[in-house]
Amino acid sequence: MLIAGDAVVGLSGAALTSASLAFVGGGSLAVGGMGMAGGTAILTGGGALLGLAGSGVTTAATVAVQSSEPFVQSECSKLLAFCSEIAVKKNGRYDIASLAQQGMQKCAEELRDEIEKLSNAENGPDKKLISQMKKSLKCMERCEKALEKLQGSRRLLD
């Protein structure tokens, strides 16, 4: 419900799942969105970091802490590919690239905060963990910049 917000209030079960996926996909097919298929593609196609951010169960920072740099790099690559090839080039949905960029920015901010906390830990920082987190953060920052550049390509067309 965190991702879809007010769009799914009062729904439950299959209706909640369908409405949430359609929301993430930019709306139903009838209104020009990518529907449930688009939502599924976003969440499975690199949106794992975004889908987990701020969910209350886990955060993007936790994912980055528990995951290797290759995992974060792979998720960012999938997200960029989806936004570039499907959302923007195929469907002209720059708004989805914008949402992904905002989500990635939030994930990076959470990870920066987590690195800061660990760096200032009373019992001494875990340098190996912090190093791993910084590598993941660099991947997220590159992804965020690439998503921003993708949106900038729209401004050139306008």
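Lys138 lies in helix α7, which spans residues 127-157; helices here are DSSP runs of H or I with at least four residues, strands are runs of E with at least two, and both are numbered from the N terminus. At 51% relative accessibility Lys138 counts as exposed, where exposed means over 50% relative accessible area, buried under 20%, and partly exposed in between, computed with a 1.4 Å probe on protein chains only. Lys138 and Gln73 are separated by 65 residues in sequence, yet their C-alpha atoms are 9.3 Å apart in space.

The model is predicted, so local features need pLDDT of at least 70 and side-chain atom pairs count only at pLDDT 80 or more, whereas totals for chains, interfaces and linings use all residues. Residues are numbered from 1 along each chain as its sequence is written, and side-chain values use heavy atoms, with hydrogens and water left out.

As to the overall architecture, the protein chain contains seven helices and zero strands, and its elements follow the order α-α-α-α-α-α-α from the N terminus on. Of the 158 residues in the protein chain, 39% are buried. Contact means heavy atoms within 4.5 Å. Among contacts between residues at least 6 apart in sequence, 62% join residues at least 24 apart.

Helix α5 (residues 69-90) packs with helix α6 (residues 94-119) at an angle of about 160 degrees, and their axes are 8 Å apart. The axes are lines fitted to C-alpha atoms, for helices over the stretch in contact, and the angles run from 0 to 180 degrees between N-to-C directions. The two helices α5 and α6 are therefore roughly antiparallel to each other, since angles over 145 degrees receive that description, while those under 35 count as roughly parallel, 65 to 115 as roughly perpendicular and the rest as oblique.

On the α5 side, the contact is made by Cys76, Leu79, Phe82, Cys83, Ala87 and Val88, and on the α6 side by Tyr94, Ile96, Ala97, Ala100 and Met104. These residues of the contact of α5 with α6 divide into 11 nonpolar, no polar and no charged. In this division Ala, Val, Leu, Ile, Met, Phe, Trp, Tyr, Cys and Pro count as nonpolar, Asp, Glu, Lys and Arg as charged, and the others, Gly among them, as polar.

Ala97, in helix α6, counts as buried at 0% relative accessibility. Not counting residues up to four places away in sequence, Ala97 touches Cys83, Val88, Leu147, Leu150 and Gln151. The C-alpha atoms of Ala97 and Ala146, 49 residues apart along the chain, are separated by 9.8 Å.

Gln101 has its place in helix α6 and is buried, with a relative accessible area of 11%. Leaving aside neighbours within four places in sequence, Gln101 is in contact with Glu144, Leu147, Glu148 and Gln151. Gly103 is also found in helix α6, and is buried with a relative accessible area of 18%. Between the C-alpha atoms of Gly103 and Glu144, 41 residues apart along the chain, the separation is 8.7 Å.

The cysteines remain to be examined. With a disulfide defined as a pair of cysteine sulfur atoms within 2.5 Å, the count comes to zero disulfides. Cys83 is in no disulfide, the nearest cysteine sulfur being that of Cys143 at 7.7 Å; Cys83 counts as buried at 1% relative accessibility. For Cys107, the closest cysteine sulfur is in Cys76, 8.4 Å away and too far for a bond. Cys107 counts as buried at 0% relative accessibility.
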